Amino acid sequence: MKSSNIIYHQATVTQQRRNKLNNHKSVVLWFTGLSGSGKSTLAHALEEKLFNMDYRTFVLDGDNVRHGLNSNLDFSVDDRTENIRRISEVSKLMLEAGLIVMTAFISPFKKDRNEARSLISHDNFIEIYCKASLETCEKRDVKGLYKKAREGKIKNYTGIDSPYEAPENPQLTIDTDKETLNESVSKILNYLEKILVN
């Protein structure tokens, strides 16, 4: 429950002023898809390109965040929702700090992604669906998590015994079954070309 004694302090250094200093707009690129669909690989490859073009960037990666900020959360439906809520809030802060934020989270539920979009704002939220078949994702399963889920050793695993609700109208769909990493990165860069102009 929120305290009634909290008053929002309006900063004089705004997102717009930071964007002007950075010479580019700040946005949140929300990568969503099954485990193994290529979200983290794509987000980091894109960040490398953007960084080398002098953009201010940061990747929020699902596994990394669960080691710290969200280390007290499990994979129940409620904790998955809380995981995405916290990431949404952090993404919004980083957006206001003038960064191009890339979030690589399964974020399986439409409701949670829609709430993230509403919090961050429609103009600053770009949903990128990393589309790959379950079969492909299981073949890429370097951590062996799908195998453990199939054996019943992991519960509530997305795509096995917990649903993934694919986006209906993402800004971009990256078919990681068919596209190379370079093709996917180029596709996103082409999309961002006009958006990031300050």
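**Close-up views of a predicted model**

View 1. The expected span is 1.5 Å times one less than the number of residues. Helices (H or I, at least four residues) and strands (E, at least two) are DSSP runs, numbered from the N terminus. This is a predicted model, in which local features need pLDDT of at least 70 and side-chain atom pairs count only at pLDDT 80 or more, while totals for chains, interfaces and linings use all residues. Residues are numbered from 1 along each chain as its sequence is written, and side-chain values use heavy atoms, with hydrogens and water left out.

Ser-184, Val-185, Ile-188, Leu-189 and Leu-192 of H8 are buried. They cover an arc of only 130° around the axis, which puts them on the same side of H8; the arc is that of the directions from the helix axis to the C-beta atoms. An α-helix has 3.6 residues a turn, so residues three or four places apart point the same way. Asn-182, Asn-190, Glu-193 and Lys-194, on the other side of H8, are exposed. Buried means under 20% relative accessible area, exposed over 50%, and partly exposed in between (1.4 Å probe, protein chains only). The cover over the buried residues of H8 includes strand E1 (28–32), helix H2 (39–52), strand E4 (125–131) and strand E5 (172–175).

**View 2. Helix H4 and its neighbours.** H4 has 20 residues and reaches 29 Å from its first C-alpha to its last, close to the 28 Å expected at 1.5 Å a residue. Its buried residues include Asp-79, Arg-80, Ile-84, Ile-87, Met-94 and Leu-95. The buried residues of H4 pack against helix H1 (15–22), E1, strand E2 (57–61), H3, strand E3 (100–104) and helix H5 (110–120). Contact means heavy atoms within 4.5 Å. Just after H4, Gly-98 takes a positive phi of about 95°.

**View 3. The loop between H2 and E2.** Arg-56 is found in this loop and counts as partly exposed at 42% relative accessibility. Not counting residues up to four places away in sequence, Arg-56 touches Asn-22, His-24, Gly-98, Leu-99 and Ile-100. The C-alpha atoms of Arg-56 and His-24 are separated by 8.5 Å, although the two residues are 32 residues apart along the chain. Asp-54 also has its place in the loop between H2 and E2. Asp-54 is exposed, with a relative accessible area of 58%, and has a positive phi of about 70° although it is not a glycine.

**View 4. Ser-107 in the loop between E3 and H5.** Ser-107 lies in this loop and counts as buried at 2% relative accessibility. Phi of Ser-107 is near 35°, a positive value in a residue other than glycine. Most residues other than glycine have a negative phi.

**View 5. Cys-130 and Cys-137.** The structure holds zero disulfides, a disulfide being a pair of cysteine sulfur atoms within 2.5 Å. Cys-130 is in no disulfide, and the nearest cysteine sulfur, that of Cys-137, is 9.6 Å away. Cys-130 counts as buried at 1% relative accessibility. Cys-137 counts as buried at 1% relative accessibility.
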